[in-house]
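Here are my notes for a colleague who is new to reading structures. Please keep the sequence and the 3D view open beside you as you go through the points.

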Amino acid sequence: MSHPPRPSGFRSGDTVACVATPTLIKGSRSTRSTIALKLLMAVTGLVFIGYVLLHMYGNLKVFAGQEAFDEYAHHLRTFGEPMLPYGGLLWTVRVVLLLSIVGHAYAAFALWARAGRARTQKYVVRKAVASTLSSKMMRWGGVALLLFVIFHLLHFTTQTVHPGGVTESPYERVVNSFAPEYWYLTVIYLLAMVALAMHLRHGVWSASQTLGLTNSAASRTRANLAGVFLAVVIAGGFALVPLSILLGLVD
Amino acid sequence: MTATAGTESDTTSDGMKLTLKIWRQANPETPGAMHTFHLEGVSPDMSFLEMLDVLNEQLNAEGEEPIAFDSDCREGICGMCGLMINGQAHGPEVTTTCQLHMRTFSDGDEITIEPWRADAFPVLKDLCVDRSSFDRIIQQGGYVSVNTGSAPEAHSIQVPKDAADRAFDVATCIGCGACVAACPNGSASLFMGAKITHLGELPQGQAERDARVVNMVGQHDHEGFGGCTNIGECTAACPKEIPLDVISQLNKDLRTAMRHGH
């Protein structure tokens, strides 16, 4: 499908606005719409919610001790053997996550840019009355989470950043990293969990709305509550681990 | 305080005194700017538009060009009088600008008045914007195609009460554009959702349902409106209180159309 050239009045960056030109577009496709981008964002977001739930569950194994934690980490690689090769499931999950982040970020940046172009002349005074703090933080919070994920992989997966020293034991990596002398790491992780909680709080609700699941006042309330619930459970569950290590409950 | 020259003598002694900061723009091609005006003797019983009428009389008396703003019915049903007042579409009350009264403000207030801001709503002059992009969205499917003739028997097509109520509630959209003006993304999703829900609830709307949503969204995107982020500023600004679930309905209809290969 080809879009006819857009009238100059709508193009961003023009200093001269002109009256809307009456052009009717033909051959619209659902898959080329802004809502398709939103659907991509919602579906990939659901993939991440499923992943962080499992990831948080795995992290809580730290309370079962070193043996249980390291065995869990090892089992993630041997899961499905001999049907799957060593690390087969883990790499499948990684590929799905990588594709999801590409789709999620692409949709987010495309819509962000579009929102900028939709209002090139800003208001002098603007008063938001309905937006939650979480909804206002979606875009920059998302960028912060993306940077955090990169740091997190450099820290625990590749051990490029290794404040507590390089070790074969995932348990030792965790416990060493969140020791009181590396308090700044704990601060980084806890801030990231605040960002995650806010992203989930609006994201769960927004995804429900985008997927068309909130067609009544009651279902809207439920979607909002689900957002708050998942935000508290997931970010809270993650935060328990560094906090417990910092307080000496796990060593 | 006393009224100054320019206003009629009957709006005397103890009216409100206001500082108005208003966007002035001569035409679509010329860049605009905010201008400050001082107005005295404003009655709290005036509507916001009547207050602007008084300001324009004062400007006329001073030999200045009056401020252009849209208004038509002045009874809250036509949707013409869209103004951004102190950063809120139609001002601080959930109503149209014509139904907003000066008693909402206090003596000595500074009020900032701007046109709707969206590149799909280009400014024509001062506070008037061109909202014909809404008309074109409607042209793309905001209707049902029927054979005209004598009116059919009312009971020949039955509509469940719940569906009729929902259709009617969202059919109250007056197309004022407050949703777009209030949206941080400049999206017209609430406007589209209202029409999609209105026609989608009714038997007559089913035949063209898939094509309607795809074509309306296509035109919406083509006009340069932004995407929805489900923040809810639109619904809070809507003088007809169209609920946010019409956007969910819009998304659901588009997803269904996608599944049907449109």
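This is a predicted model: local features need pLDDT of at least 70, side-chain atom pairs count only at pLDDT 80 or more; totals for chains, interfaces and linings use all residues.

1. Let us begin with chain A, which has eight helices and zero strands. Helices here are DSSP runs of H or I with at least four residues, strands are runs of E with at least two, and both are numbered from the N terminus.

2. Residues are numbered from 1 along each chain as its sequence is written, and chains are lettered from A and ligands numbered from 1 in the order in which they are written.

3. How much of chain A is buried? Of its 251 residues, 29% count as buried. A residue is called buried if 20 or more other C-beta atoms lie within 10 Å of its own, exposed if 12 or fewer, and partly exposed in between, with C-beta atoms placed from the backbone. As an example, find V194(A) in helix α7 of chain A. V194(A) counts as partly exposed because it has 15 C-beta neighbours inside 10 Å. Between V194(A) and G236(A) there are 42 residues in sequence, yet their C-alpha atoms are 9.1 Å apart in space.

4. Chain B brings in strands: its secondary structure comes to eight helices and seven strands. The C-alpha atoms of chain B fill a box of roughly 65 × 40 × 35 Å along the principal axes. Of the 262 residues in chain B, 52% are buried. Among contacts in chain B with a separation of 6 or more, 70% are between residues 24 or more positions apart; a contact means that the C-beta atoms of two residues, placed from the backbone, lie within 7 Å.

5. Now look for the sheet in chain B. Five strands form an open sheet with mixed pairing, in the order β2-β1-β5-β3-β4. Two strands pair if DSSP finds at least two bridges between them. Why is one side of β2 (33-42) and of β4 (88-89) of chain B left without a neighbour in the sheet? Both strands stand at the edges, each with a single partner strand, so one side of each has no neighbour there. Helix α1 (residues 48-61) of chain B packs on the sheet, touching β1 (16-24) and β2 of chain B, and its direction makes about 100° with that of β2(B). That angle is taken between N-to-C directions on a scale from 0 to 180 degrees, using lines fitted to C-alpha atoms, for helices over the stretch in contact.

6. The strand pairs can be followed one at a time. β1(B) and strand β5 (residues 110-114) of chain B run parallel, joined by four bridges; here T19(B) has E110(B) as its bridge partner in β5(B). β3(B) and β5(B) run antiparallel and are joined by two bridges, with I85(B) opposite I113(B). Strand β3 (residues 84-85) of chain B also pairs with β4(B), in the antiparallel sense over two bridges, and M84(B) has A89(B) as its bridge partner there.

7. Chain B is assigned domain 1 (16-114) and domain 2 (131-144 + 158-259); such bounds come from an automatic or database domain assignment. Their C-alpha centres lie 29 Å apart. Twelve residues from domain 1 of chain B and ten residues from domain 2 of chain B make the contact.

8. Which residues touch the most other members of the largest nonpolar core? They are C179(B), V180(B), L190(B) and F191(B), in a core of 102 residues. Such a core is a set of buried Ala, Val, Leu, Ile, Met, Phe, Trp, Tyr and Cys residues joined through C-beta atoms within 7 Å. Helix α7 (residues 183-210) of chain A gives the most to this core, with twelve residues. Both domains of chain B give residues to this core, so it lies between them. Leaving aside neighbours within four places in sequence, the contacts of L190(B) include C179(B), C234(B) and I247(B).

9. Finally, turn to where the chains meet: 59 residues of chain B are in contact with 53 residues of chain A. On the side of chain B that touches chain A, α8(B) gives the most, with ten residues.
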